[in-house]
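Reader: I have a structure on my screen and would like to learn how to read it. Could you take me through it feature by feature?

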Amino acid sequence: AQPLLSSPRPGLHASPLLFLSRYSAYTYNLEKDLSALQRYDFLQREAPSTAFGALMEENGESRGGRAPIPAEVLRLNDEQCAAVQSARTDRLSVVTGPPGTGKSQVVVDLLASAVLDDTPVLFASKNNKAVDVVRERLREILGEPFDFTFRLGSRRAMEDTEKKFRDRLDRLEDRQEELRSQFSPAERKKAQGRVDDVREAMSALQEAREDLQSAVAAREEVEKKLPADWTRTDPPGSPEALPLRELQQTVSRAKALAGETRLGFWLWIQRLVMGARLLQGLQEDAEALTEPLPMAVRTDAYQRIYGAESYGGVLEVLRRLQTYRTWIERHAEEREARRAFDARLDGAAGYDERMHELQTELTEASRALFRIAWTGSIVRNLSAVRRRVREYFEAVRGIRNTAPSGYRNALDRLERATSRLAEYLPVWIVTNLSVRNALPLRPNLFDLAIVDEASQCDVASGVPLPF
């Protein structure tokens, strides 16, 4: 080892440094947790089936299946919807963004989606404030009497949660018959129907806008091929103003006379006998086709038709008339697409305004569905919920009071109690550092685990989370 410099000179020097710090409670508990984790040999066996296994793989596998639709109890943009869908389909997802970009909205929507899917979810963070923010948002949506978010933590927090749950369950029992009707399966089905209707209206509006945009683009593409004078005035109301059959027949005859296709016997006889008069007849037929068209088109077409000195010149005008007929068709398609789009606006000034209205309706309908699904399950199974809450907290106390020889059995009991209670209370919230007070160190207790501010989560506080 290099000795410390007695009189350091300016410059860079390789020298040992000693930092003296206080031995804090955090340092003590960190060492204690790491030492305890070394004794769990099953962690290495079970890790591949958890989120830690996905973290160690080069490519996280998808859970497969169709990407589920987010619950949207809070309004989400496209990026937030993609984040929710990724978290529900991939084994491991990372959502990043600066403050104010709506990460908490993603978390709340994931929790609501878990309730609607009847799957248990764990939300954890190293930061109590982050946990409380999500908890408050859920309470605002559910309402204070129906806030059955399972918030766990320190021993005092656990005791407080147990008391609050017993009080809330008692109050529900007093109103059970009334609430059975209010949160019945029939009401849930009705709320789901409302959500589906709004989603369908949003999808139809978006599709109508895309159809209109496509129709406009198609009309503009054809428009580029026509003289400006031909497209300055509105086209006829129907493409039949330029009859398709007559136009095609005249074009076919012009192609044959111009030598582009084989000249039939009868047309060969006509050209032999009639000579120049055949060109004049073709010009007259072409002019007749333009009679129902706007004056600007007729005038320009007339000049081009009678200015042509060959069959090929007339054929060029006829082909332009074919393009004009296509333009009329595209205009008709655009008008129809615009009518359909305006009908979907339902009186709104534009797409953005109507979509905002529908998104507001969707949020309200999704919240109603969330409340009914959340509370209805508890109300219909009140006795079972009460019993399982009691079993869970008894199992938690059993862990604290069990001798080392009976610790594994106590863990098994807590694992069973947790799984049974999560059937009715799917959303569990806890801080990383308090999870040891609330949950057994067993993998896959929850179908989904969300770690807020994961970049601040060290390994020692992340491993105990039951991913």
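Reader: Which hand does the crossing of α9 and α15 have?

Author: The crossing of α9 and α15 is left-handed, a label used if the near helix is turned anticlockwise from the far one by less than a right angle, while clockwise gives right-handed. Helices here are DSSP runs (H or I, at least four residues), numbered from the N terminus. A word on the source: this is a predicted model, where local features need pLDDT of at least 70, side-chain atom pairs count only at pLDDT 80 or more, and totals for chains, interfaces and linings use all residues. Residues are numbered from 1 along each chain as its sequence is written, and side-chain values use heavy atoms, with hydrogens and water left out.

Reader: How is the packing of two helices described?

Author: By the angle between their axes and the distance between the axes. Axes are lines fitted to C-alpha atoms, for helices over the stretch in contact, and angles run from 0 to 180 degrees between N-to-C directions. Helix α9 (residues 185–223) and helix α15 (residues 311–345) have axes that come within 8 Å and cross at roughly 160 degrees. That makes α9 roughly antiparallel to α15, a term for angles over 145 degrees.

Reader: At what angle do α14 and α15 pack?

Author: At about 155 degrees, with the axes of α14 (residues 295–307) and α15 9 Å apart. So α14 is also roughly antiparallel to α15. Val297, Ala301, Arg304 and Ile305 in α14 meet Val314, Val317, Arg320 and Tyr324 in α15; contact means heavy atoms within 4.5 Å.

Reader: Which residues touch the most other members of the largest nonpolar core?

Author: First the general idea: in soluble globular proteins, nonpolar side chains tend to be buried together. A nonpolar core is a set of buried Ala, Val, Leu, Ile, Met, Phe, Trp, Tyr and Cys residues joined through side-chain atoms within 4.5 Å, and buried means under 20% relative accessible area (1.4 Å probe, protein chains only). Here the largest core has 88 residues, and Tyr392 and Trp428 touch the most other members. Helix α16 (residues 351–380) gives the most to this core, with 12 residues. A second, separate core of 27 residues includes Leu282 and Leu289.

Reader: Is Glu72 buried or exposed?

Author: Glu72 is buried, at 9% relative accessible area. Glu72 sits in the loop between α3 (51–56) and α4 (78–89). Among the residues Glu72 touches, not counting those up to four places away in sequence, are Asp109 and Arg199.

Methods. Helix = DSSP H or I, 4+ residues; strand = E, 2+ residues; numbered from the N terminus. Parallel < 35°, antiparallel > 145°, perpendicular 65-115°, else oblique. Buried < 20%, exposed > 50% of the residue type's maximum accessible area, 1.4 Å probe, protein only.
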